Amino acid sequence: GAAAGGGGGNAELEEEEEMDGSDVPPMAKLRQDMYALVLAALGEAGAFGEGLAAVDEAFAVLPTPCHEALWEARVTMMVKGGRGRLVAGEMARLKDSSADLRASVWLALARAAGSKAEALTAFKRALAALASEPLARANVLVEFGEWLFAKGFPARDAEDQLLAAVDALLDLDDEEAGGGEGEVDADEAASAVDGASQAGGLRADARSLAGRSFAGGGGAAGA
């Protein structure tokens, strides 16, 4: 088993499972962090079979609130370890989870996918999960655009994602200007705009794009 497996009685585990995510016992959190380190090391070493066994063990012995931090590793190990066909069933378990978690797991699947078709589907699911979160959605659009370009899709398809990201951030900036809130988010949005511009080689002033309408993906990247 993984180094983080550790013993521990059933009574302790049952007590942990009664806790919500904000009250995870320190020992359970420590074990979660140890599993995360083990999984990261196994992933870097390409030991996906061992990683799959370790993540299965982690989900078996850790309380449910600790699973969230390990879901990305779980999906990655499943895909790389030969259980990719079972990922769809695993994703169904996240239907009531937060949009951020669902999107992060879909992104992990997109990055680990063995085919362009699987990665495209995963990127689209990640974007769908973030439909109401423009800043996070913009970051995914930038990554999606870069992926499309790197995989040889038409340059216009990649550019469409980057322009959609800028458009989403401009909408967010307008909302924040009206509400007078979100200074930190505004800084992050400005950084993401810069990233989108650099990734796409866009030289136009971002404000000049405010009046343009982008659907969030064209060609092969369409929703």
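Visitor: What share of the chain's residues is buried?
Guide: Buried residues, meaning those under 20% relative accessible area with a 1.4 Å probe and protein chains only as cover, make up 41% of the 223 residues in the chain. This is a predicted model, in which local features need pLDDT of at least 70 and side-chain atom pairs count only at pLDDT 80 or more, while totals for chains, interfaces and linings use all residues. Residues are numbered from 1 along each chain as its sequence is written, and side-chain values use heavy atoms, with hydrogens and water left out.

Visitor: How many helices and strands are there?
Guide: The chain has 10 helices and zero strands, taken as DSSP runs (H or I of at least four residues for helices, E of at least two for strands) and numbered from the N terminus.

Visitor: And which residues have the most contacts inside the largest nonpolar core?
Guide: Val 75 and Trp 147 do, in a core of 55 residues, where a nonpolar core is a set of buried Ala, Val, Leu, Ile, Met, Phe, Trp, Tyr and Cys residues joined through side-chain atoms within 4.5 Å. The largest share of this core, nine residues, comes from H6.

Visitor: What does Val 75 touch?
Guide: Leaving aside residues up to four places away in sequence, Val 75 touches Val 87, Met 91, Val 105 and Leu 109, with contact meaning heavy atoms within 4.5 Å.

Visitor: Switching to H7, which residues are buried there?
Guide: In H7, the buried residues are Ala 119, Leu 120, Ala 122, Phe 123, Ala 126, Leu 127 and Ala 129, and what covers them includes H6 and H8.

Note on methods
Buried means under 20% relative accessible area, exposed over 50%, partly exposed in between (1.4 Å probe, protein chains only).
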